[in-house]
Amino acid sequence: MPAAGRPNAFDSNGPVAVVLKGYPRLSETFIAQELHALEQQGLVLHLYSLRQPTDTKRHPVHDEIRAPVTYLPEYLHQHPLDIFKAWRWARCLPGYSAAWRLWRKDLRRDPTRNRLRRFGQAMALAVSLPPKTRWIYAHFLHTPASVARYAATMTQLPWCASAHAKDIWTTPTWEKREKLNEMAWLTTCTRYAAEHLRCLSSTPDKINLVYHGIDLEKFSDFSPPVNSRDGSSSEDPVRILSVGRAVRKKGFDVLLSALAKLPSELAWRWCHIGGGTELKSLRLQAAELGLANRIEWRGPQAQNEVLAAYRTADLFVLPSIIADDGDRDGLPNVLMEAQSQTLCCVSTTVSGIPELIDHLKTGILVQPNDSEALSQSIAQLVGDPRLRLSYGMNGKKRVRTAFDARATVSRLRDLLSGPS
């Protein structure tokens, strides 16, 4: 079980070890898309997942990624022999003592089982890195970055990370500061988050804004057939679509309240795509509001199925909010995907969403948790197919000129291709 250690000289052809919380995941299409684009641009990757996959479906892009995947021990007590073997090798690494001290300091401030698990997984990662590994790169600033940090300290390899949404807003300030000051660089996907993280870093220049973008080959240009659905026909109702996990920050309970406030004579149907812990409570809420017969719950879907849903919908709604624990969206890829298909979008002013949607030009934005304003915006767009098409066309132009993943990932490739 030899460890990579730090190479004597930087090897531009060495692999990048990518630490992920779980892989593959339907809800993290943007990560799979990034990994695929990095491989297409010549990088050699090795993926390390902290959790086993739980989704029963896969996106087609997952099958196009060539990188091998190593699943680290998810629960240490279930893999005692593996952890013991990893410790025997890890304790011989040049930075093991420093990593141990660093972890003990963190444990005093965060005395949780999760913190214990991170160190065990870091040992397993450190001793299984491929030879000549050039970077340890973590997706998400919380748990994956902790595992990457401890392993990088053990092996004396450089490490870096990509920060997104929940990981930024629910990680303690002390932990963000220390990680930002130790890592070589970080990318984040919104200007909103970049400004926050730069305020915490002693070297703000290491914080890079890199939008995710979308794969415009998979989300090819689409012009919807002209339709006159305006909510006046119960036989041909306006089709409203939302894609996203049923979790608090998505605000789907606010959307249900907004739908219940629509004029009774307006004909519409709402389709939700996604899994999530709040599906049961949302179904109950819909029934209590008398909306159950107007809603279709499709559950998790693969990317090709989601694309087909975009192309048959009339209006896309994502009512993001800031949850009680501070969790919030960054810049949801589903908004870019919907707009790429000429689909009119309604969302909120949370986080980086206004960096994509220009209010009253490429869509409509309302304040989070404002079901009345959301209902009024939906009603306006349901009844005005020409306005929906105008916003949809403008949104498509914005996405296709500013959020092409092939262009946005080039900055990340350059960072990963260079020395620390």
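1. Helix 13 (residues 333-340) lies across strand 8, strand 11 (315-317) and strand 12 (345-348), and runs at about 160° to strand 12. Helix 14 (residues 371-382) packs on the sheet and touches strands 8, 11, 12 and 13, its direction making about 165° with that of strand 13. Contact means heavy atoms within 4.5 Å; axes are lines fitted to C-alpha atoms, for helices over the stretch in contact, with angles from 0 to 180 degrees between N-to-C directions. Helices (H or I, at least four residues) and strands (E, at least two) are DSSP runs numbered from the N terminus.

2. This is a predicted model, in which local features need pLDDT of at least 70 and side-chain atom pairs count only at pLDDT 80 or more, while totals for chains, interfaces and linings use all residues. Residues are numbered from 1 along each chain as its sequence is written, and side-chain values use heavy atoms, with hydrogens and water left out.

3. The sheet is open, with six strands in the order 10-9-8-11-12-13 and parallel pairing; two strands pair if DSSP finds at least two bridges between them. Strand 10 (295-299) and strand 13 (364-366) are the edges, each pairing on one side only. From one strand to the next the twist averages 20°.

4. Strand 8 (residues 238-243) and strand 9 (residues 268-273) run parallel and are joined by six bridges. Opposite Val243 stands Ile273 in strand 9.

5. The largest nonpolar core has 60 residues, of which Ile240, Leu241, Leu259, Trp270, Tyr310, Phe316 and Ile378 touch the most other members. Helix 10 (residues 252-260) gives the largest share, six residues. Such a core is a set of buried Ala, Val, Leu, Ile, Met, Phe, Trp, Tyr and Cys residues joined through side-chain atoms within 4.5 Å. Buried means under 20% relative accessible area, exposed over 50%, and partly exposed in between (1.4 Å probe, protein chains only).

6. Not counting residues up to four places away in sequence, Ile240 touches residues including Leu259, Trp268, Trp270, Leu315, Val317 and Ile378. Another core, of 46 residues, lies apart from the largest one; among its members are Leu72, Ala99, Ala152 and Ile207.

7. Overall, the protein has 16 helices and 13 strands, and 58% of its 420 residues are buried. Of the contacts with a separation of 6 or more, 75% are between residues 24 or more positions apart. The C-alpha atoms fill a box of roughly 75 × 40 × 40 Å along the principal axes.
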